[in-house]
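Open the model in your viewer and keep the selection panel handy.

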Amino acid sequence: MAQAGQAQQGPQALPGIHAVIAVGSGKGGVGKTTVAVNLSIALAKLGHRVGLIDADIYGPNVPMMMGQTRQPSVTDDSMMEPLESFGVKFISVGLISPGDKPLVMRGPMLHQIIRQFLQQVKWGELDYLIVDLPPGTGDVVISLVQTVPLTGAVVVSTGSGVALQDARKALEMFHQVNVEVLGLIENMSQMRLPNGEVLDVFGAGGTAATARQYNLPFLGSVDLDPAIRQGGDRGLPVALGGPEDARAKAYFDIAKEVIDRADDVLEESKDVLEIS
């Protein structure tokens, strides 16, 4: 039994934040962080207030892609100030422990970091807080859903059978923790050569087929393009090109789908609360 005055347990909504959206994948190497970063920038360029949490504790690549690696400031009340690039506020363990030294953590330490990134960062007013999850189905997701109510999750995969086998595990994981899946994204879908030839490298269309199989929205696909990789490596993601840029357009189309799906989920949640 809880003692008098004991803090309430369970996920607590973050004041001033409209929607919290996780970006996950069943396996590594499918470009999940690249999608999360470019999605965040696209949302910001569409006029929204956006935050990005790099919760990929073992591979914190967001600082490199966002072009900033300095440590965040800490205020007098022990709150961290997020860094900001391209209109997106962000925080990452890569800012706190930079360099090539690996972080070796167990469950309780992971939970503490996730909770700090959610509750002890001065996010201010945000329309969307994007959370870049580590690949797989580990402790970070459990910590996340125990700390804050998620609006929904987006699952990133390539079209290959191997990647989709693990993506289905991610879908089942979100189902088990009662997180709505907003939809699936196919990354590195096709490669367009300078002569116009299109190469099907990883099985284009496989992710859309999986979405249909699970009766989930397919949010869109992103081509396999060296410029996307180069943009991330240089800290200048391609979404900076804006919605009319040929390479950036896919991210803006996906961002609009994510907005619509998140709004639908929030509206349904509000209706349920009003009925109850």
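One term for later: axes are lines fitted to C-alpha atoms, for helices over the stretch in contact, and angles run from 0 to 180 degrees between N-to-C directions. Helices (H or I, at least four residues) and strands (E, at least two) are DSSP runs, numbered from the N terminus. This is a predicted model, where local features need pLDDT of at least 70 and side-chain atom pairs count only at pLDDT 80 or more, while totals for chains, interfaces and linings use all residues. Residues are numbered from 1 along each chain as its sequence is written, and side-chain values use heavy atoms, with hydrogens and water left out.

Start by colouring by pLDDT, the predictor's confidence in each residue, from 0 to 100. The chain average is 90, and 90% of the residues score at least 70. Now select residues 1-7, where the pLDDT is below 50. Beyond near neighbours in sequence, this stretch has zero contacts (heavy atoms within 4.5 Å) in the model.

Next, select strand β1, residues 17-24. Seven of its eight residues are buried, meaning under 20% relative accessible area with a 1.4 Å probe, protein chains only.

Finally, show helices α6 (residues 161-176) and α7 (residues 206-213), whose axes come within 11 Å and cross at roughly 35°. Display Leu 164, Arg 168 and Leu 171 of α6 with Gly 206, Thr 207 and Thr 210 of α7, which make the contact.

Conventions
Buried means under 20% relative accessible area, exposed over 50%, partly exposed in between (1.4 Å probe, protein chains only).
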